[in-house]
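Reader: Please take me through this structure feature by feature, giving the general idea first and then the case at hand.

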Amino acid sequence: MINDEKKYNTIIEYILENAKKYRDRPALISGRKAYTYGELIEQATLAARRLHIAGVKRGDRIAVNLEHSERFVIAVLAVLMNGAAYVPVDLRTPKARIEQIIRQSNIKKMIAVEESEINGADTLLMEELLSESGLNSDFEKEYSDYGDGESEAYVIFTSGTTGNPKGIPIRNKSVINLVNAFRKWLNPKCDGESAVVHKILLMASFSFDMSVFQMFYALVAGQTLDILPDGIKEDPAGFLDYITEHGITVTDTTPLYLDALSEIVSIGNVKYKLPEIVITSGEALPPATAKRWFELEAAKNSLLLNC
């Protein structure tokens, strides 16, 4: 059972309420930067206030075109605080594709690293959203129209392999259902000072649904979110070094990548510390792949899930 039985209308209310309990607990790690829950919400509140002044309101869709870092998480929280929905856009996305997303989603504003020549949306610079100059950051008392369960939380676009990418809007109530399901499966006693605190790796691109679980489950359950730097995922040995050095306890992967990790660990040249919980997705998990994983001494007590 989840310890808090309160019903939340939106995922941002869920996060903000639980963040009060975990204020001094580490919330987010990105490179050399680390934030407690209190510090993370303070940054998100500052950005939310700036978005509100810029005219962002409940029901809007806001594109987020930022690097895979803590700033993306802060921007997402700020958008949700305004009752708006975020539309993740990878930095490597071609200009024509971004403009197509903007047109299809009726996006009027885009949070970005720098000014761009993208047509159809006003650019809001992330650096300016985080500026404290001349601004009162007490946003929650001033404005708290977060929407409701039927409000959109985010819009994910398909890969477009059939020709035209299609935006899939996901409502707040669906995100909350997902988060609560994972809380029951992964860490039933995740509230309170005596709770087990996991270190969850945010490995997926923000343009993929798996990032939703990683980000929102971690922040609702008082866990620590560790954002994998770009470039590490492409090197399985470097990935194993990272999760060992950072003490990652929960990660996701594909069955194919899990096989690659098993092969490196089985060689035995380096003693790796493997996650307690590994979630495979994207395709069915072959029994042979699972068997090979559990034959590893470091993985014999781990939990392996296939979603």
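This is a predicted model: local features need pLDDT of at least 70, side-chain atom pairs count only at pLDDT 80 or more; totals for chains, interfaces and linings use all residues.

Reader: Where is the place of C307, and with which residues is C307 in contact once its neighbours within four places in sequence are left aside?

Author: C307 sits in the segment after β13 (303–306), where helices (H or I, at least four residues) and strands (E, at least two) are DSSP runs numbered from the N terminus. Contact means heavy atoms within 4.5 Å, and with neighbours within four places in sequence left aside, C307 is in contact with F182, I279, T280, S281 and G282. S281 is 26 residues away from C307 along the chain, yet their C-alpha atoms are separated by 5.0 Å.

Reader: How many helices and strands does the protein chain have, and what percentage of its residues is buried?

Author: The protein chain has 11 helices and 13 strands, and buried residues make up 55% of its 307 residues. Among contacts between residues at least 6 apart in sequence, 70% join residues at least 24 apart.

Reader: How should I read the packing of two helices, and at what angle do the axes of α7 and α8 cross?

Author: Two packed helices are described by the angle between their axes and the distance between the axes. Here the axes are lines fitted to C-alpha atoms, for helices over the stretch in contact, and the angles run from 0 to 180 degrees between N-to-C directions. The axes of α7 (residues 172–186) and α8 (residues 210–220) come within 9 Å and cross at roughly 70°. That is why α7 is roughly perpendicular to α8, since angles of 65 to 115 degrees count as roughly perpendicular, those under 35 as roughly parallel, those over 145 as roughly antiparallel and the rest as oblique. The contact is made by V175, L178, V179, F182, R183 and L186 of α7, together with V212, F213, F216, Y217 and V220 of α8. By class, the contact of α7 with α8 has 10 nonpolar, no polar and one charged residues, where Ala, Val, Leu, Ile, Met, Phe, Trp, Tyr, Cys and Pro count as nonpolar, Asp, Glu, Lys and Arg as charged, and the others, Gly among them, as polar.

Reader: Is L178 buried, partly exposed or exposed?

Author: L178, which lies in α7, is partly exposed, with a relative accessible area of 32%. Apart from neighbours within four places in sequence, L178 is in contact with V212 and F213, whereas its C-alpha is 9.3 Å from that of F216, 38 residues away in sequence.

Reader: At what angle do α3 and α8 pack?

Author: α3 and α8 pack at an angle of about 75°, with their axes 12 Å apart, which makes α3 roughly perpendicular to α8. V73, V76, L77 and L80 in α3 meet M215, F216 and L219 in α8, and the residues of this contact divide into seven nonpolar, no polar and no charged.

Reader: Which residues of α1 are buried, and what covers them?

Author: The buried residues of α1 (residues 11–21) are I11, I12, Y14, I15, L16, N18 and A19. Their cover includes α2 (37–53), α3 (70–81), α7 and α8.

Reader: What is the volume of the largest pocket, and which residues are closest to its centre?

Author: Rolling a probe the size of a water molecule over the atoms shows where empty space is left. The largest pocket has a volume of about 1100 Å³, and of the 38 residues that line it, the closest to its centre are A204, S205, S207, F208 and K233. On a 1 Å grid over the protein atoms alone, a pocket is an open set of points with protein on both sides within 12 Å along at least five of seven lines, a cavity is a set where a 1.4 Å probe fits but cannot get out, and lining residues have an atom within 4 Å of a point. Grid points are joined across faces, edges and corners, and a volume is the space filled by probe spheres set on the points. The lining has 17 nonpolar, 11 polar and 10 charged residues, and β7 gives the most to it, with three residues.

Conventions. Residues are numbered from 1 along each chain as its sequence is written. Side-chain values use heavy atoms; hydrogens and water are left out. Buried means under 20% relative accessible area, exposed over 50%, partly exposed in between (1.4 Å probe, protein chains only).
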